[in-house]
Amino acid sequence: MDNKDNNGRLGREHEEENSEGVSEQERMRRQEELDDRASASDGRPRSGDPFEARSRDTHRYEKGDMDMSVKADIPHGASGHGALDSKNLPKSTPGWRILIQELIADKLALFSLIIFVLITSYVFGLTMFLDRQTIVAVDLFAINEPPSEDFRLGTDYGGRDIFGQLIIGTRNSLAIGILVTAMSVGFGIAYGVVSGYFGGQIDNMMMRVVDFFMVLPFLMVIIVFVTISPSYNIFTFSLIMAAFLWTGTARLVRSLAIQEKELDYINASRTMGSSHLKIVFTQMMPNLIGIIIVNSTLSLAANIGIESGLSFIGFGFPEDYPSLGTLMAYATNSQTLQHRWWIWVPAAVLILLMMLCVRNIGEALRRAGDARQRQA
Amino acid sequence: MLKFTIRRLLVTFPQLVVLSVLVFIMGSMMPGDALSGLIDPTIPREAIEARREALGLNNPWYIQYRDWVFAMFQGDFGNSIFHQRPVLDVIGDRLMNTIWLSLFSTVLIYLLGLPLGLVSGRYNDSLLDTTITGYTYLGFATPQFIFGLVILWVFGYNLDLFPTGGSVGPGIEPGTLDFVLSKINHLVLPSFAIALIGLVGTVQYLRSGIIETKQKDFIVLARAKGVKESSVYSKHIFRNSILPIAAFFGYEIVALLGGSIFIEMIYSYPGMGRLFLDSISTRDFSVANILILFYGFMAIVGALLSDIILSIVDPRIRIK
C-alpha cells in the first residue's frame, strides 16, 4: 500500500520537474554531481587527483550559500533522484509520526486507545494486589452466588470470586495475546524478509512451507499439540500457538520485501558494498515497519480471540489459571447460561471490548498507511 | 487452462505427502497404539509383544508409515479405541450432520451477504450503508463462540423459539416428513450463528468491489446507452464485482467445515467438530488423527478448487 503511494508521488514529481522545464544542461550537471559523489565516497575517482575531487566535494557541502544556490535552481520536491546532498533535503515526516497523527485524528481510534490503555493499566495495576491463590481457592459455602457486597460479581460453581478471576483472566489473556503476537510476528518478519529479499529458489522453497502451513486445520493441530505436550505451561502454550500463526505475517512481509528490493536505494546500497544484513535490517526495515505495526495490531486482536476460544473449549489455560475464555466456558452449562449471567456476560463483554478496541486502533493505523484514506 | 489445472494438481501431491507425514508423526507422539484398547491385564507380556510384532509396531517408522498409507488406500483407517469400531464408521455417522450444517450456513451466507453487500455498495455513505458497515466492523471483532452463545441464550432459552441442542428431536422415525422438519429446526440456530458472523467478509468484499466498479468507464457507457439503473447494477456492476467472492468459494466451504468446532460444541450438534473434541478428551487419538487428515485433505482440495475457479474467472492467473 505504502509503496504504491510512494511510486505515485515520485511519478507526480517527475511531471512537476518536466513542466517547470529543466534543461538538458541542468540534468547533465546533476549527473556529474552524482558521479563526483559516488567516486568521492568509494575513494576511487575516475580521473585526476583524488584529493582534489574529495576536497571539492567537502567544500561544497560545508558552504551554506552554495547549497542555497544549488537548491534554488532545482524545482521544489524533485529531490528524490539522488543528485542532491541528502543532508539538505526537506525531511519527510517519519512513518511512526504519521501513525500517531492519524491515531489522534481518528476519534473512534483514539477513544479505543484510551479505553484499551485504561483496561490494561487497571488490570495490570490491580493484579499486583490480588492473590491468585486465594481467588482460585474453592469455597463451598459460597457456590454460585449472585453479585453482592462480598463478591462484586458473584461466584462460580466452586465459590470462587468472579471479579478477581475476571481481572486475572484479562491479564492472562492480554499477556498471552501479546506474547503470541510477538513470537509469531517476529518469526514471520524474519522468514518473510529472507524469503522475499533473496528470492529465487530459496523463496520458492520457503513459500512451499508456508503453503503447507496454510492448509493445516490449525485449530485442531494446536489442540492436539496442547494435549500431547509433555510440559505444559503458559510459555509452551504460546509457543504452540505461535508455531501455527506466523504464516500470515511471513506472506505479507515477503510481498513487501519483493517490492522494496527492486527500488533504487537497495541497488545503490548494494553497489556501495553494504552487506545483506545491513541492507535488510537498517535500510529496508524502516520502510516496512509501518505495515508491520498495523499487521501486529490486527493479529493481536485475532490472537486474543483465538486464545479465549481455545480456553473456552478447554484446551487453553488450566482452571486455576483463569483466562477470559475459561470464564466463558462456564456458560456451556445450560444452567449457568440461563440463570447465572454474572459468570459469563462480563467476560464476554470484556473480550468483545478488547478485540474491538485493538481492531479499531489497527484499522486506523492501516488507514494511516494509505495516504488516500488519511484523515489528519 | 488444462495445463494450469494439471500444474496446480501436481503441487497438491507433495502437500498431501507432507500432511500425511505430519499426521503420522503426531500419531506416533500420542500415547497408546492399536493394541491399547484391547489389552487385558491378565494377558502375559510375551503375548502382547507377539501381537505387536505381528502388527508391525516394532518396525522402523518409515515401514510403519508405508503400511499405514497402503492400509488407507485400501480403506482401512484403523480402529477407534473408545468406540471399538472402525474409525471410518465413527466418522461416517457424523459426516452428514456436518455437511448439512455447512450447506445451510453457506446458503445463508450468500443469501444474506450478497444483497447486503450490493445495497451497501450501491448506496454507499448513506445511513443504510453506515449501518451495514458498522455491523461488518462489529462482526470482524466478534469471536464466533461468543456470538453463538448469545444467539443460543436469546433465541434458544429466553425466547424459546428453537431447540437448544442436538440434531433431531427425540423419538422421531427417520424418513418421515417430521424427521426432516425436526432436522431443519435444529439447524436454524447453529447455521445462523455461523452465517451472521461468516458473511461479514463477503459483504465487505462485495461492497468495495461495487464501489470500485461503478466508477469504471464501461458503466458510464452502459448508462449513456440508456440501460436501466436496476439492470446496470444487477448485470454490469454485480457480475464484475462478484469475481473475488466466486474465487474464494473453495476456501469458504473448507473454512466452514473446519470452523464449526465452536458452534457444534455450543449447540451440542453431533458433527465432526464435536467428534474431534470428544475424541481428544476421551484420548481416542486414532479418530482425532484421521479427522485432522480429513480436514487437511479438504483444505488442500478447497485451495485447488479456489485456484481453478480463479483461473476461470480471471484469465491473467493462467498466463503465469
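Start with α1(B) and α14(B). Their axes come within 10 Å and cross at roughly 165 degrees. Axes here are lines fitted to C-alpha atoms, for helices over the stretch in contact, and angles run from 0 to 180 degrees between N-to-C directions. Helices are DSSP runs of H or I, at least four residues, numbered from the N terminus. So α1(B) and α14(B) are roughly antiparallel, the word for angles over 145 degrees. The crossing is right-handed: the near helix is turned clockwise from the far one by less than a right angle.

Who makes the contact? On α1(B), the residues include B:Phe4, B:Leu16 and B:Val23. On α14(B), they include B:Ile292, B:Gly296 and B:Leu304. Contact means C-beta atoms, placed from the backbone, within 7 Å. By class, this contact has eleven nonpolar, eight polar and two charged residues. Ala, Val, Leu, Ile, Met, Phe, Trp, Tyr, Cys and Pro count as nonpolar, Asp, Glu, Lys and Arg as charged, and the others, Gly among them, as polar.

A word on the source. This is a predicted model: local features need pLDDT of at least 70, side-chain atom pairs need 80 or more, and totals for chains, interfaces and linings use all residues. Residues are numbered from 1 along each chain as its sequence is written, with chains lettered from A and ligands numbered from 1 in the order written.

Next, α13(B). Is it mostly covered or mostly open? Mostly covered: eight of its ten residues are buried. Buried means 20 or more other C-beta atoms within 10 Å of the residue's own. B:Met272, B:Arg274 and B:Phe276 are among them. The buried residues pack against α4, α12 and α14 of chain B, and also α10 of chain A. Just after α13(B), B:Arg283 takes a positive phi of about 60 degrees.

Now α4(B) against α13(B). The axes come within 8 Å and cross at roughly 140 degrees. B:Ile91, B:Arg94, B:Leu95 and B:Thr98 of α4(B) meet B:Met272, B:Gly273 and B:Leu275 of α13(B).

Last, the two chains. The contact takes 32 residues from chain B and 30 from chain A. On chain B's side, α14(B) gives the most, with eight residues. That side has 27 nonpolar, five polar and no charged residues.

Key. Two residues are in contact if their C-beta atoms, placed from the backbone, lie within 7 Å. Helices (H or I, at least four residues) and strands (E, at least two) are DSSP runs, numbered from the N terminus. Angles under 35 degrees count as roughly parallel, over 145 as roughly antiparallel, 65 to 115 as roughly perpendicular and the rest as oblique. A residue is buried if 20 or more other C-beta atoms lie within 10 Å of its own, exposed if 12 or fewer, and partly exposed in between; C-beta atoms are placed from the backbone.
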